[in-house]
Amino acid sequence: MAPSLSKVCSGVSGLVDGHNQSPISLESSNFIANGHVFLSDVPDNVTITPSSYGSPTDKSVSAINGAFVGFDAVEPSSRHVVPIGKLKNINFMSIFRFKVWWTTHWVGSNGNDLENETQMVILDKSDSGRPYVLLLPLLEGPFRASLQPGTDDNVDICVESGSTKVTSAVFRIVLYVHVGDNPFKLVKEAMKVIKVHLGSFKLLEEKTPPGIVDKFGWCTWDAFYLTVHPHGIWEGVKGLVDGGCPPGLVLIDDGWQSISHDEDPITKEGMNCTVAGEQMPCRLLKFEENYKFRDYVSPRSQNKGMGAFIKDLKEEFNTVDFVYVWHALCGYWGGLRPNVPGLPGTKVIRPELSPGLKKTMEDLAVDKIVNTGIGLVPPEMADQLYEGLHSHLEKVGIDGVKVDVIHLLEMLCENYGGRVELAKAYYRALTDSVRRHFNGNGVIASMEHCNDFMFLGTEAICLGRVGDDFWCTDPSGDPNGTFWLQGCHMVHCAYNSLWMGNFIHPDWDMFQSTHPCAEFHAASRAISGGPIYVSDSVGKHNFPLLKRLVLPDGSILRCEYYALPTRDCLFEDPLHDGKTMLKIWNLNKYTGVIGVFNCQGGGWCRETRRNQCASQFSRMVTAKSNPNGIEWNSGKNPISIEGVQVFAQYFSQSKKLTLSKPSENTEISLEPFNFELITVSPVTVLPGKSVQFAPIGLVNMLNAGGAIRSLVYLDSSVQIEVKGTGELVVYASVKPRACRINGKNVGFEYEEQKLPFLGLHFFLEVRQREKLPTQSPQSSSDRHC
């Protein structure tokens, strides 16, 4: 690593250990980027170390765009809170932990506007030349860092080990600063540098998400809560299959495990928990399933237990390719029961919340866990925990696990070398077990929103929740929460993905298709790029809505990338400023998509330290959108728009098709908790002709453009391969002479538009990608051209 430079060294000039000059410097008590101050009044004990890391796999990622920040403390301690400079009048967006388990978006312009437990900050660029600046707290040795507000607009860095036995006074790499002119590339480039620096995780682009991301799923949680049982699961799957929306994933949530209270005899299995929250004081009693699943008897083979049930379920419903089950990181909410034969030895540890966590929102799970403690398996035996659990699950036919209650270890680490060392041991054991039993990627991570997990737990895990739970209603009792909490959920997922999407494939969580905001949720899931699954009660489904998400074979039309906020709302507040619309973008194979959502009406309140209603901001909002709002050059399969002068835009809700120049704005006005999805397609001129053409997709599906799987332009025809069935819409500047599906001529409609284009007639040939069950090719002959 390059040598450390304190503030007394006035900048970095020439080469540093053979590296070019960094655009980031510490001069005269100011942090400077490209000659512009971004933090002032930097204390004398703060240091800067130019980065010597680039990306070995991406030569465009240069080390000179980044630097590490550290400090010297007066004396060793397990926790330091140190100012690193004052932030004044620069707009920022940030990600902070509003609950122990979950993070969300926060904006401001001064140091005092920051929140505690901030995981990432991006400072906005200026018209005068200041670049975007990323402030990324890191791990250094056994310490972990976060940002928080200081006094008089100082930005404070909080560095803590979590154990009074682990102390230090000298830090050099607790914060990484990176600069750039594109906010999306800024974060990606920085994560590539940090990946090389830490060497403890893999980037999402280096991993393969599990197959469940391409399947429609059903989760048992909101359907049963803790009363889940085999017959109910069977009926739930059957109802979806009979309704034409067969699930490819079944997720058996909390309620399948053998648990008990400490005061119960170890020979007695658990209690009949029926209300969510009653189970949290319980501990795991055995690795095997509880009596509800253990007593299942197959009517086909007379075999018993979870294995017989899973086998019957998959054989009866052949679209079910994956069955996952839930478990907590420590085995169960309360960990493992001590002194139980067949389980590794445990000790009940009373969790201790750090000062930063004490400022997060009150949470039932935290309260229960603090009151009853956690039966913690010692870190050197963590492999026994996961091997015992996962080997049994694999044996009975389970394909993967949802690992919940992840960010718990930091509260238990006093006698285990601190939070970083305890996390390393557990995440290594979990990773090794997942590789042995679940193909290395059969995991959904949940309640994991903290940099400890991102930097230490994602070597193999590559799918995780990016938002707080889907709440049908407000658990605090606010009747308006049925609505404003849905907006919160959207914002959590969209902005968190800017950070977490570098480590894990974003999962926007389940929802219920009969909820008052179901269509609002469905639209966001359709273009999220992640898995789509619901938690409908048995027999209670909105099939017309689900069929806009799910194909008859149980697959979905998933985007190629993951959804992120558009640039123009990165530094705005789409929850409670009364004027900002949440806009998110994503890419399909040949089209882009923009989702516009009015989420105004409630969110984080600094004064009450909780999410709450802000009905004064819940009103109609108007936003502007244009094709340049999509970051076309993103992901593994970017879409080239070089030379494209016109885009066709299809609006899913208003069902209109328009043409737009790249920067030409369209105004969209929406009432609270309403949305619009815009499929954006580059217009192509056919070779040697003046005919203009752009595919839109299957407009009966929410992600219309996801249906276009291949596209070939010939001299006088266009060939499109389509996945799915329904109404295909394309833009053509002249009426085609014919339309064929699988080689057969079919009728089509052509809507004349008064547009100044000349052209020749041509053939439009549509090839259906595959025959889907319950549908014949003829049923997909309704096409608009």
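I began just after H6, where Gly373 takes a positive phi of about 80°. Helices (H or I, at least four residues) and strands (E, at least two) are DSSP runs, numbered from the N terminus. I noted that this is a predicted model, in which local features need pLDDT of at least 70 and side-chain atom pairs count only at pLDDT 80 or more, while totals for chains, interfaces and linings use all residues. Residues are numbered from 1 along each chain as its sequence is written, and side-chain values use heavy atoms, with hydrogens and water left out.

**Entry 1: helix H6**

I looked up which residues of helix H6 (residues 364–372) are buried. They are Ala365, Val366 and Ile369; buried means under 20% relative accessible area, exposed over 50%, and partly exposed in between (1.4 Å probe, protein chains only). Seen down the axis of H6, these buried residues fall within an arc of 95°, so they line one face of the helix. The arc is taken from the directions from the helix axis to the C-beta atoms. I recalled that an α-helix has 3.6 residues a turn, so residues three or four places apart point the same way. At the start of H6, I found a side-chain oxygen of Asp363 within 3.0 Å of the backbone nitrogen of Ala365.

**Entry 2: aromatic rings**

I then turned to the rings of Phe, Tyr and Trp (its six-membered ring), which pair if their centres lie within 6.5 Å; planes under 30 degrees apart count as stacked, over 60 as edge-to-face and the rest as tilted. How many aromatic pairs are there by this rule? The count comes to 29. One of them is the tilted pair of Phe71 and Phe171, 5.0 Å centre to centre with 35° between the planes. Phe71 lies in strand S6 (residues 66–77) and Phe171 in strand S15 (residues 168–180), so this pair ties together parts 100 residues apart in sequence. Phe71 is buried at a relative accessible area of 0%, and Phe171 is buried at 2%.

I next examined Phe693 and Tyr713, whose centres are 5.9 Å apart and whose planes stand at 80°, so the pair is edge-to-face. Phe693 is buried at 0% relative accessibility, whereas Tyr713 is partly exposed at 22%. I also recorded one aromatic cluster, formed by Phe483, Phe520, Phe597, Phe673 and Phe675.

**Entry 3: cysteines**

I counted 0 disulfides, a disulfide being a pair of cysteine sulfur atoms within 2.5 Å. Cys330 is buried, with a relative accessible area of 2%.

Conventions. Polar contact = N/O pair within 3.5 Å; in protein donor to acceptor, adjacent residues only side chain to side chain.
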